[in-house]
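Subject: Structure handover

Hi,

Here is the structure I said I would pass on. My notes follow below it.

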Amino acid sequence: MLGIVGIVPDEKIPLIYGIPVLEEKFLNIEKWKIPVERGTTALIASAIKTLEVLNKPNPFVFLVGDIGKGKGSKELYKFLAENIHKYNFKVLTFHYILPEVDGCLKVILAIEKLLRKPFLIADAGFMYAVKMASYANFFDLFTPDIGELAFLADEKAPHPFYTRGFLLAEEKDVETLIIRAYEHKNASPYLLVKGEKDRIVFNQKVLATVEKPFVPELEAIGGTGDTLTGIVSAFIYARYSPEEACILSAKANRLAGALAYPNPATQISEIINFIPEAIKILIP
Amino acid sequence: MKWINKLFLSKKDKSSERLKSGLLLFENTSEVIKAEKVLQKEGYKVKVVGPPPEVRKGCDLAIEIPIIEITGILNLLKTQGIEPLDFIPFSENEILKPVDLFQVKDFGDYLMVRAANMKITVNKKTLVIVNISGGGCPDVPYLASILLGVSLKNSFSPKELAHTLCGYALHLAFEKAKELLCSE
Amino acid sequence: MVEVVDARGLSCPEPVLRTLEAIKALEKGELEIWVDNPTARENVIRAAKSLGWEVAEIKELPDSFKVIIRKS
């Protein structure tokens, strides 16, 4: 099974879990109908679209409502720590959550006790928490943007707010940041660094760079980083090697964007619809 | 604050016209956000900027202040428990220039305004926010869902709802977009 | 005069990317695309259809394929 963990920006939604069904622009899970928007729902929907093409089942998701205050996140950390042993995940992707070292450590300790360790992917808030807890090496793949890479590279920063470059890092700094992140053991073995060019990295070495197609409008569209993480989660679950999965995902994410013929007002749900087309072009 | 001795300049320096403003550096961006709020409330004309890349100390945000007001500013911050890391005096003639937090991209019918790591895209005709991108902080999806479809002319501001640095950057982008598109 | 995209000798997904660029530049009209293998032919057709263009003609030649797409 592929597992996905994250929050949704609606405090009405309690902690819910199960296999969602994607219907048009909504995820149906338990009795809830949740719109697909930038964030974890975009990640889930893009994973589902990818898995459809690869003939694999939908992911199992854990979601909770949290508008950034942390109440839902606390519940989610606790639930995972207490219940992760009941599931048999081959791949687990952690996404938006309030970064909190204590909660994160409890989840990691629970995963350590599993008979078989899943392939672990982290992005956004959970990735910050893993770095803050000094457990980057325990994970297999991080998918940071350049600002987040700056946080990974800053060995002294206990939190993104202390990082030089979290807000202002530039494309030209990437290679240096990659080296520093690994030097201080704050990067997972694989990195998929999102940016104007997507970089696939393994143990400090840049294996590949994907920069085409370049669609300028995509910069304005919220969620294009979330879809990349969703697509790569699905490819790894479908037993593609991490390197191949990262390269294909970066290409598919961009190609889906190009096929959607976007303008800056295009919503991520429209681009997600083109993921299957993009994948069929890349792996006929 | 050892650096405070920099403020006690020689007579020769004091008479120089070069020193008009400077940058207060802080350890973390939460302090910057808090300091900005405190100073603006008391009527100080201060601006949040990115520190020059040559300056290695501190976090990604700094506060530009008029040097003539430094004593009052430091005292006020002290009462709020905020202590800057350092102070960098400069003028327009100095090589060290703060980094502009803002970038603007014109897409014809749409304008994308970037502040630090957050981007807001607005329909230039209707002034409605059509997209928000950037940021992995946990309040971003919520703020994005609130702001999409909102007109810049609306008096609502994301500042009060933001809990994080990304949220603060989004507030900066919103205010900048308003300044560019709504000024009469 | 018909716009021509010569994607012969290019590896996947370049033929599709060149086609997308040409479609974006043209917006409507007629486009002639040359590829040198069946996979590229299928991919170009797929990409064009997904953007609302119709396939007017597919011709197989000794070492290549010619695809004509149209949008009015």
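A residue is called buried here if 20 or more other C-beta atoms lie within 10 Å of its own. Please keep in mind that this is a predicted model.

Helix H4 of chain A

By that cut-off, the buried residues of H4(A) are Ala124(A), Gly125(A), Phe126(A), Met127(A), Tyr128(A), Ala129(A), Val130(A), Lys131(A) and Met132(A). H4(A) spans residues 124-132, so nine of its nine residues are buried and the helix is mostly covered. What covers them? The cover includes S7, helix H3 (101-112), strand S8 (119-122), strand S9 (141-142) and helix H5 (146-153), which belong to chain A. Just past the helix, Ser134(A) has a positive phi of about 60°.

Tyr87 of chain A

Where does Tyr87(A) lie? Look in the loop between helix H2 (71-83) and strand S7 (91-94) of chain A. Tyr87(A) counts as partly exposed because it has 15 C-beta neighbours inside 10 Å. Setting aside neighbours within four places in sequence, Tyr87(A) is in contact with Met1(A) and Gly3(A). Ser233(A) is 146 residues from Tyr87(A) in sequence, and their C-alpha atoms are 17 Å apart.

How the chains meet

Two pairs of chains are in contact, and chains A and B share the most contacts. Chain A puts 34 residues into that contact and chain B puts in 32. On the chain B side, the elements that each supply at least two residues are helix H2 (29-41), strand S6 (110-115), strand S7 (118-123), strand S8 (129-133), helix H4 (140-147) and helix H5 (165-182). That side of chain B has 15 nonpolar, 13 polar and four charged residues.

Chain A also meets chain C, with 13 residues of chain A in contact with twelve of chain C. Helix H8 (242-259) and helix H10 (275-282) of chain A are the elements that give two or more residues to the chain A side. Nine residues of that side are nonpolar and four are charged, with no polar ones. Chain B and chain C do not touch, and their nearest C-alpha atoms are 15 Å apart.

The core

The largest nonpolar core has 171 residues. Leu149(A), Ala169(B) and Ala173(B) touch the most other members. H8(A) gives the most to this core, ten residues. In chain B, domain 1 (2-90) and domain 2 (102-182) both give residues to the core, so the core lies between them. In general, nonpolar side chains tend to be buried together in soluble globular proteins.

Ala173(B) is worth a look. Apart from neighbours within four places in sequence, Ala173(B) is in contact with Val113(B), Arg114(B), Ala115(B), Met118(B), Lys119(B) and Ile120(B).

Chain B overall

Chain B has five helices and eight strands. Their order from the N terminus is α-β-α-β-β-α-β-β-β-β-β-α-α. Of the 184 residues in chain B, 40% are buried. Among contacts in chain B between residues at least 6 apart in sequence, 62% join residues at least 24 apart.

Start of chain C

Strand S1 (residues 3-6) and strand S2 (residues 29-35) of chain C run parallel, joined by four bridges. Which residue of S2(C) is the bridge partner of Val4(C)? The partner is Glu32(C). With helix H1 (residues 14-26) of chain C, S1(C) and S2(C) make a right-handed β-α-β unit.

Best wishes

Definitions and conventions:
Residues are numbered from 1 along each chain as its sequence is written. Chains are lettered from A and ligands numbered from 1 in the order in which they are written. This is a predicted model: local features need pLDDT of at least 70, side-chain atom pairs count only at pLDDT 80 or more; totals for chains, interfaces and linings use all residues. Two residues are in contact if their C-beta atoms, placed from the backbone, lie within 7 Å. Ala, Val, Leu, Ile, Met, Phe, Trp, Tyr, Cys and Pro count as nonpolar, Asp, Glu, Lys and Arg as charged, and the others, Gly among them, as polar. A nonpolar core is a set of buried Ala, Val, Leu, Ile, Met, Phe, Trp, Tyr and Cys residues joined through C-beta atoms within 7 Å. A residue is buried if 20 or more other C-beta atoms lie within 10 Å of its own, exposed if 12 or fewer, and partly exposed in between; C-beta atoms are placed from the backbone. Domain bounds come from an automatic or database domain assignment. Two strands pair if DSSP finds at least two bridges between them. A crossover is right-handed if, with the strands pointing away from the viewer, the path from the first strand over the helix to the second runs clockwise.
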